[in-house]
Amino acid sequence: MASILIVFSTREGQTARVVAHLSGALDAMGHRVLATSLAGRFAGRPESHDAVIVAASVHAGEHGRRVAAFVKRHRRVLNSRPSAFVSVSLSAAALNEVAGKAAKTQAQRFLDSTGWRPDRVELVAGALRYSRFSRPWRWILRFAQRRFRSELEESGWPDLTIEREYTDWNELSAFASRFDQLLGPGRRGRAASDADTDA
Ligand SMILES: Cc1cc2nc3c(=O)[nH]c(=O)nc-3n(C[C@H](O)[C@H](O)[C@H](O)COP(=O)(O)O)c2cc1C
(Lines give C-alpha, C1' and ligand atoms only; values in the text may rest on other atoms or scores of the structure.)
Protein backbone atom coordinates (compact mmCIF):
# COMPACT_ATOMS: atom_id res chain seq x y z
CA MET A 1 0.00 0.00 0.00
CA ALA A 2 1.35 3.36 -0.92
CA SER A 3 0.58 6.92 0.00
CA ILE A 4 -0.22 8.71 -3.26
CA LEU A 5 -0.56 12.46 -3.77
CA ILE A 6 -2.64 13.62 -6.76
CA VAL A 7 -2.30 17.31 -7.52
CA PHE A 8 -4.57 18.74 -10.20
CA SER A 9 -5.55 21.84 -12.07
CA THR A 10 -8.91 22.26 -13.81
CA ARG A 11 -10.91 25.05 -15.43
CA GLU A 12 -14.22 23.56 -16.50
CA GLY A 13 -14.13 20.64 -14.06
CA GLN A 14 -13.29 17.65 -16.28
CA THR A 15 -9.84 17.08 -14.75
CA ALA A 16 -11.47 17.09 -11.31
CA ARG A 17 -13.76 14.28 -12.56
CA VAL A 18 -10.76 12.42 -13.96
CA VAL A 19 -8.95 12.76 -10.62
CA ALA A 20 -12.02 11.59 -8.67
CA HIS A 21 -12.13 8.46 -10.85
CA LEU A 22 -8.39 7.80 -10.46
CA SER A 23 -8.56 8.38 -6.68
CA GLY A 24 -11.46 5.93 -6.42
CA ALA A 25 -9.61 3.27 -8.44
CA LEU A 26 -6.35 3.61 -6.47
CA ASP A 27 -8.24 3.76 -3.18
CA ALA A 28 -10.06 0.53 -4.09
CA MET A 29 -6.63 -1.08 -4.56
CA GLY A 30 -5.86 -0.22 -0.96
CA HIS A 31 -3.72 2.89 -1.41
CA ARG A 32 -4.00 6.03 0.68
CA VAL A 33 -4.82 8.81 -1.77
CA LEU A 34 -4.76 12.55 -1.15
CA ALA A 35 -6.15 14.61 -4.06
CA THR A 36 -5.61 18.36 -3.93
CA SER A 37 -6.47 21.17 -6.31
CA LEU A 38 -3.89 23.79 -7.22
CA ALA A 39 -6.67 26.35 -6.85
CA GLY A 40 -6.66 25.81 -3.08
CA ARG A 41 -4.21 27.12 -0.49
CA PHE A 42 -2.56 23.76 0.18
CA ALA A 43 -1.44 21.64 -2.77
CA GLY A 44 0.24 19.00 -0.65
CA ARG A 45 3.86 18.06 0.01
CA PRO A 46 5.17 15.54 -2.53
CA GLU A 47 8.06 14.59 -0.20
CA SER A 48 5.52 13.21 2.30
CA HIS A 49 4.18 10.64 -0.20
CA ASP A 50 5.50 7.48 -1.86
CA ALA A 51 4.23 8.46 -5.32
CA VAL A 52 2.79 11.50 -7.06
CA ILE A 53 0.41 12.11 -9.97
CA VAL A 54 -0.02 15.57 -11.47
CA ALA A 55 -3.12 16.10 -13.66
CA ALA A 56 -3.83 19.23 -15.68
CA SER A 57 -5.98 20.29 -18.62
CA VAL A 58 -4.87 22.06 -21.78
CA HIS A 59 -6.12 25.50 -22.81
CA ALA A 60 -4.69 27.28 -25.84
CA GLY A 61 -1.94 24.68 -26.05
CA GLU A 62 -0.76 25.12 -22.44
CA HIS A 63 -1.26 23.34 -19.13
CA GLY A 64 -1.22 26.53 -17.12
CA ARG A 65 1.23 28.52 -15.02
CA ARG A 66 0.25 27.20 -11.61
CA VAL A 67 0.85 23.60 -12.49
CA ALA A 68 4.15 24.45 -14.20
CA ALA A 69 5.28 26.40 -11.11
CA PHE A 70 4.30 23.50 -8.81
CA VAL A 71 6.20 20.95 -10.90
CA LYS A 72 9.28 23.16 -11.18
CA ARG A 73 9.29 23.80 -7.42
CA HIS A 74 9.07 20.06 -6.63
CA ARG A 75 10.96 18.68 -9.63
CA ARG A 76 13.71 17.03 -7.59
CA VAL A 77 11.22 15.16 -5.39
CA LEU A 78 9.00 14.24 -8.37
CA ASN A 79 12.00 12.82 -10.21
CA SER A 80 13.00 10.79 -7.16
CA ARG A 81 9.86 8.62 -6.80
CA PRO A 82 7.19 6.95 -8.97
CA SER A 83 5.25 9.68 -10.73
CA ALA A 84 2.86 10.24 -13.61
CA PHE A 85 1.61 13.18 -15.61
CA VAL A 86 -2.03 13.14 -16.73
CA SER A 87 -2.73 15.61 -19.52
CA VAL A 88 -6.43 16.23 -20.23
CA SER A 89 -7.29 17.76 -23.61
CA LEU A 90 -9.53 17.64 -26.63
CA SER A 91 -6.62 16.76 -28.91
CA ALA A 92 -6.41 13.49 -27.00
CA ALA A 93 -9.97 12.84 -28.22
CA ALA A 94 -8.98 13.34 -31.84
CA LEU A 95 -9.79 10.44 -34.06
CA ASN A 96 -6.66 10.32 -36.14
CA GLU A 97 -2.90 10.47 -35.68
CA VAL A 98 -2.34 13.99 -37.00
CA ALA A 99 -4.57 15.68 -34.42
CA GLY A 100 -3.66 13.15 -31.76
CA LYS A 101 -0.02 14.21 -32.14
CA ALA A 102 -0.88 17.64 -30.72
CA ALA A 103 -1.78 16.00 -27.41
CA LYS A 104 1.68 14.39 -27.26
CA THR A 105 3.45 17.57 -28.29
CA GLN A 106 1.62 19.66 -25.65
CA ALA A 107 2.54 17.21 -22.90
CA GLN A 108 6.17 16.90 -24.03
CA ARG A 109 6.55 20.68 -24.19
CA PHE A 110 5.31 20.91 -20.59
CA LEU A 111 7.78 18.25 -19.42
CA ASP A 112 10.70 19.83 -21.30
CA SER A 113 9.96 23.24 -19.80
CA THR A 114 9.68 21.92 -16.23
CA GLY A 115 12.48 19.32 -16.27
CA TRP A 116 10.20 16.62 -14.85
CA ARG A 117 10.68 13.05 -16.08
CA PRO A 118 7.58 11.13 -14.94
CA ASP A 119 7.49 7.35 -15.29
CA ARG A 120 4.15 7.55 -17.10
CA VAL A 121 2.47 10.14 -19.29
CA GLU A 122 -1.25 9.58 -19.80
CA LEU A 123 -3.07 11.56 -22.48
CA VAL A 124 -6.72 11.68 -21.47
CA ALA A 125 -9.57 12.84 -23.70
CA GLY A 126 -11.48 15.61 -21.92
CA ALA A 127 -14.92 17.07 -22.51
CA LEU A 128 -16.45 19.93 -24.40
CA ARG A 129 -19.00 21.79 -22.24
CA TYR A 130 -20.40 23.84 -25.07
CA SER A 131 -23.54 24.90 -23.19
CA ARG A 132 -21.47 26.38 -20.33
CA PHE A 133 -19.52 28.76 -22.54
CA SER A 134 -20.34 32.42 -22.66
CA ARG A 135 -22.12 33.70 -25.75
CA PRO A 136 -18.96 35.19 -27.33
CA TRP A 137 -17.13 31.87 -26.90
CA ARG A 138 -20.01 29.93 -28.46
CA TRP A 139 -19.97 32.36 -31.35
CA ILE A 140 -16.20 31.83 -31.83
CA LEU A 141 -16.56 28.05 -31.71
CA ARG A 142 -19.48 28.06 -34.16
CA PHE A 143 -17.50 30.34 -36.45
CA ALA A 144 -14.39 28.11 -36.22
CA GLN A 145 -16.48 24.99 -36.87
CA ARG A 146 -18.03 26.54 -40.00
CA ARG A 147 -14.87 28.24 -41.27
CA PHE A 148 -12.54 25.27 -40.77
CA ARG A 149 -15.03 22.42 -41.12
CA SER A 150 -13.12 20.42 -43.72
CA GLU A 151 -9.72 20.98 -42.04
CA LEU A 152 -11.15 19.98 -38.65
CA GLU A 153 -12.85 16.92 -40.10
CA GLU A 154 -9.75 15.92 -42.04
CA SER A 155 -7.50 16.20 -39.01
CA GLY A 156 -9.88 14.19 -36.84
CA TRP A 157 -10.91 16.94 -34.39
CA PRO A 158 -14.22 16.50 -32.61
CA ASP A 159 -17.11 18.81 -33.54
CA LEU A 160 -16.56 21.97 -31.47
CA THR A 161 -20.25 22.81 -31.26
CA ILE A 162 -21.44 19.55 -29.74
CA GLU A 163 -21.59 19.13 -25.97
CA ARG A 164 -19.84 15.87 -25.23
CA GLU A 165 -17.66 14.00 -22.76
CA TYR A 166 -14.90 12.07 -24.53
CA THR A 167 -13.18 10.60 -21.46
CA ASP A 168 -12.78 6.83 -21.58
CA TRP A 169 -13.34 5.80 -17.95
CA ASN A 170 -12.31 2.18 -18.55
CA GLU A 171 -9.01 3.32 -20.03
CA LEU A 172 -8.51 5.51 -16.96
CA SER A 173 -9.06 2.52 -14.67
CA ALA A 174 -6.48 0.62 -16.73
CA PHE A 175 -4.05 3.51 -16.23
CA ALA A 176 -4.62 3.31 -12.45
CA SER A 177 -3.63 -0.38 -12.60
CA ARG A 178 -0.52 0.44 -14.63
CA PHE A 179 0.41 3.10 -12.07
CA ASP A 180 -0.09 0.58 -9.28
CA GLN A 181 2.39 -1.73 -11.09
CA LEU A 182 5.01 1.00 -10.85
CA LEU A 183 4.99 1.05 -7.10
CA GLY A 184 7.08 -2.02 -6.50
CA PRO A 185 6.08 -5.26 -4.74
CA GLY A 186 6.04 -3.85 -1.19
CA ARG A 187 3.85 -0.91 -2.09
CA ARG A 188 1.43 -2.30 -4.63
CA GLY A 189 -2.26 -2.43 -3.90
CA ARG A 190 -4.51 -5.29 -2.87
CA ALA A 191 -5.44 -6.41 -6.39
CA ALA A 192 -1.79 -6.68 -7.46
CA SER A 193 -0.71 -8.42 -4.22
CA ASP A 194 -3.54 -10.93 -4.59
CA ALA A 195 -2.47 -11.61 -8.18
CA ASP A 196 1.14 -12.12 -7.00
CA THR A 197 -0.03 -14.58 -4.38
CA ASP A 198 -2.18 -16.47 -6.89
CA ALA A 199 0.67 -16.77 -9.40
C1 LIG B 1 -10.99 28.08 -24.14
C2 LIG B 1 -10.54 26.67 -24.36
C3 LIG B 1 -9.34 26.40 -25.00
C4 LIG B 1 -8.92 25.08 -25.22
N5 LIG B 1 -7.73 24.85 -25.87
C6 LIG B 1 -7.36 23.57 -26.12
C7 LIG B 1 -6.14 23.31 -26.84
O8 LIG B 1 -5.39 24.20 -27.21
N9 LIG B 1 -5.83 22.02 -27.10
C10 LIG B 1 -6.63 20.98 -26.70
O11 LIG B 1 -6.31 19.85 -26.98
N12 LIG B 1 -7.77 21.20 -25.99
C13 LIG B 1 -8.16 22.46 -25.70
N14 LIG B 1 -9.30 22.70 -25.00
C15 LIG B 1 -10.11 21.57 -24.52
C16 LIG B 1 -9.88 21.29 -23.01
O17 LIG B 1 -8.59 20.80 -22.78
C18 LIG B 1 -10.94 20.27 -22.57
O19 LIG B 1 -12.20 20.89 -22.66
C20 LIG B 1 -10.71 19.73 -21.18
O21 LIG B 1 -11.67 18.73 -20.91
C22 LIG B 1 -10.81 20.82 -20.11
O23 LIG B 1 -10.53 20.25 -18.86
P24 LIG B 1 -10.92 20.99 -17.50
O25 LIG B 1 -12.41 21.01 -17.47
O26 LIG B 1 -10.35 20.15 -16.43
O27 LIG B 1 -10.29 22.35 -17.53
C28 LIG B 1 -9.73 23.99 -24.77
C29 LIG B 1 -10.95 24.27 -24.11
C30 LIG B 1 -11.36 25.58 -23.92
C31 LIG B 1 -12.66 25.84 -23.20
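The legends below describe close-up views of one predicted model. Residues carry numbers that start from 1 along each chain as its sequence is written. Because the model is predicted, local features need pLDDT of at least 70 and side-chain atom pairs count only at pLDDT 80 or more, while totals for chains, interfaces and linings use all residues.

**View 1. Five strands form an open, parallel sheet.**
The strands follow the order β2-β1-β3-β4-β5, where strands (E, at least two residues) and helices (H or I, at least four) are DSSP runs numbered from the N terminus, and two strands pair if DSSP finds at least two bridges between them. The edge strands are β2 and β5 (120–125), each of which pairs on one side only. From one strand to the next, the twist averages 15°. Strands of a sheet pair through backbone hydrogen bonds, either parallel or antiparallel. Strand β4 (residues 83–89) and β5 run parallel and are joined by six bridges, and within this pair V88 stands opposite V124 in β5.

**View 2. Strand β1 pairs with β2 and with β3.**
Strand β1 (residues 3–9) is mostly covered, since six of its seven residues are buried; a residue is buried if 20 or more other C-beta atoms lie within 10 Å of its own, exposed if 12 or fewer, and partly exposed in between, with C-beta atoms placed from the backbone. Six bridges connect β1 to strand β2 (residues 32–37) in the parallel sense, and the bridge partner of I6 in β2 is A35. Between these two strands the chain passes through helix α1 (residues 14–28), and this β-α-β crossover is right-handed, a term used if, with the strands pointing away from the viewer, the path from the first strand over the helix to the second runs clockwise. The pairing of β1 with strand β3 (residues 51–57) is also parallel and spans six bridges, with A56 in β3 as the bridge partner of S9.

**View 3. Helix α1 lies across the sheet strands β1, β2, β3, β4 and β5 and packs with helix α7.**
Relative to β1, α1 runs at about 170°; axes are lines fitted to C-alpha atoms, for helices over the stretch in contact, and angles run from 0 to 180 degrees between N-to-C directions. The axes of α1 and helix α7 (residues 169–182) are 9 Å apart and meet at an angle of about 50°. The two helices α1 and α7 are therefore oblique to each other, given that angles under 35 degrees count as roughly parallel, over 145 as roughly antiparallel, 65 to 115 as roughly perpendicular and the rest as oblique. On the α1 side the meeting residues are V18, H21, L22, A25 and L26, and on the α7 side they are W169, L172, S173, A176 and D180; two residues are in contact if their C-beta atoms, placed from the backbone, lie within 7 Å.

**View 4. P46 is found in the loop between β2 and β3.**
P46 counts as buried because it has 22 C-beta neighbours inside 10 Å. Leaving aside neighbours within four places in sequence, P46 is in contact with L5, V52, H74, V77 and L78. P46 and R66 are 20 residues apart along the chain, and their C-alpha atoms are separated by 16 Å.

**View 5. A60 has a positive phi of about 50° although it is not a glycine.**
Most residues other than glycine have a negative phi. A60 is found in the loop between β3 and α2 (65–73), and A60 counts as exposed because it has 5 C-beta neighbours inside 10 Å.

**View 6. E163 is placed in the loop between α6 (149–154) and β7 (164–165), whereas E153 lies in helix α6.**
With 12 C-beta neighbours inside 10 Å, E163 counts as exposed. Not counting residues up to four places away in sequence, E163 touches L128, R129, Y130 and S131. E153 is exposed, with 12 other C-beta atoms within 10 Å. E153 and A94 are 59 residues apart in sequence and, from C-alpha to C-alpha, 9.8 Å apart in space.
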